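Have a look at the sequence and the fold, then work through the points below.

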Amino acid sequence: MKDKITHIAIFASGAGSNALKIIEAFAQSPRIRISLILCNKAGAGILQIAEDKQIPAILIDKEQFFRGNAYTDELRAHSIDLLVLAGFLWKIPPALIRAFPGKIINIHPALLPKYGGKGMYGRHVHQAVIDHQEKESGITIHYVDELYDHGSTIFQAHCPVLPGDTPETLAKRVQQLEHSHYPRVIRELVS
Ligand code: GRF
């Protein structure tokens with residue numbers, strides 16, 4: 001299927017800076033298309049990005065996500081091949097994992113298996129890394145299974161934790177890694 005277009009859905013809950021990098025990276029691609037954005041938070045930055053970039057967006061309804069079809073019909077209607085989580089804070093329901101086996105990936109702002117799991121998001125992650133006096137942190141891009149931050153690792157990149165780092169300064173260093181590696185890893189996964 002050499003000439004097939006790979007359709008990607010991005011799931012995000014927040015500012016959407018990773019989503020934006022991914023959208024920009026593939027804006028001119030003849031083979032990879034960001035075809036759908038799914039968001040669980042009204043007013044999130046990602047929804048404005050979707051509007052600006054004219055990408056269809058769905059505001060996720062909790063009931064439908066966890067006890068309904070988990071949006072599998074909508075994803076299939078957009079011919080989605082790969083689900084990319086970029087700052088999506090809800091656990092992915094089993095129905096969705098079963099519908100897209102091995103086709104859901106996530107990025108985590110630390111070196112898993114450390115500093116992952118429920119409650120480990122945003123500044124909590126970086127605060128924990130600093131509190132444990134780690135010498136390095138980084139990013140983990142991994143497949144998604146039914147547990148938080150648990151599926152097998154696809155790629156990790158490291159950065160130092162510097163003396164005097166705050167969660168904010170460390171977050172910035174980690175975010176640079178995210179922005180430069182996530183689009184590249186996605187490209188490699190689908191080619
Ligand atoms: C990133 O740090 C990502 O690793 C984590 O959530 C954050 C999303 O940030 N899963 P943004 O919304 O892409 O700016």
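This is a predicted model: local features need pLDDT of at least 70, side-chain atom pairs count only at pLDDT 80 or more; totals for chains, interfaces and linings use all residues.

**Helix H2**
- H2 covers residues 45-52, and its buried residues are Ile-46, Ile-49 and Ala-50.
- These three sit on the same side of H2 because they cover an arc of only 100° around the axis.
- Strand S1 (6-12), H1, strand S2 (32-39) and strand S3 (57-59) are among the elements that cover the buried residues of H2.

**Helix H6**
- In H6, you'll find Val-125, His-126, Ala-128 and Val-129 buried.
- Their arc around the axis is only 160°, so they end up on the same side of H6.
- The partners that these buried residues of H6 pack against are S5, strand S6 (136-143) and H7.
- Gln-133 follows H6, and its phi is positive, near 55°.

**The nonpolar cores**
- The largest nonpolar core has 38 residues, and the ones touching the most other members are Ile-10, Ile-34, Val-84, Tyr-182 and Ile-186.
- H7 supplies the largest share of this core, with 7 residues.
- There's also a second, separate core of 20 residues, and Leu-36, Leu-75, Ile-80 and Ile-104 are included in it.
- Back to Tyr-182: leaving out residues up to four places away in sequence, its contacts include Asn-18, Ile-22, Val-84, Leu-85 and Ala-86.
- Tyr-182 also touches Ile-105, Asn-106, Ile-107 and Ile-141.

**The largest pocket**
- The largest pocket holds about 960 Å³ of space.
- It's lined by 41 residues, and Gly-87, Leu-89, Pro-109, Tyr-121 and Gly-122 are the closest to its centre.
- Which helices and strands each supply at least two residues of this lining? They are helix H1 (17-25), strand S5 (104-108), helix H6 (123-131) and helix H7 (167-190).
- H7 gives the most to the lining of the largest pocket, with 7 residues.
- Sorted by type, the lining has 18 nonpolar, 14 polar and 9 charged residues.

Key
Residues are numbered from 1 along each chain as its sequence is written. Side-chain values use heavy atoms; hydrogens and water are left out. On a 1 Å grid over the protein atoms alone, a cavity is a set of points where a 1.4 Å probe fits but cannot get out, and a pocket is an open set with protein on both sides within 12 Å along at least five of seven lines; lining residues have an atom within 4 Å of a point. Grid points are joined across faces, edges and corners, and a volume is the space filled by probe spheres set on the points. Helices (H or I, at least four residues) and strands (E, at least two) are DSSP runs, numbered from the N terminus. Ala, Val, Leu, Ile, Met, Phe, Trp, Tyr, Cys and Pro count as nonpolar, Asp, Glu, Lys and Arg as charged, and the others, Gly among them, as polar. A nonpolar core is a set of buried Ala, Val, Leu, Ile, Met, Phe, Trp, Tyr and Cys residues joined through side-chain atoms within 4.5 Å. Buried means under 20% relative accessible area, exposed over 50%, partly exposed in between (1.4 Å probe, protein chains only). Contact means heavy atoms within 4.5 Å. The arc is that of the directions from the helix axis to the C-beta atoms.
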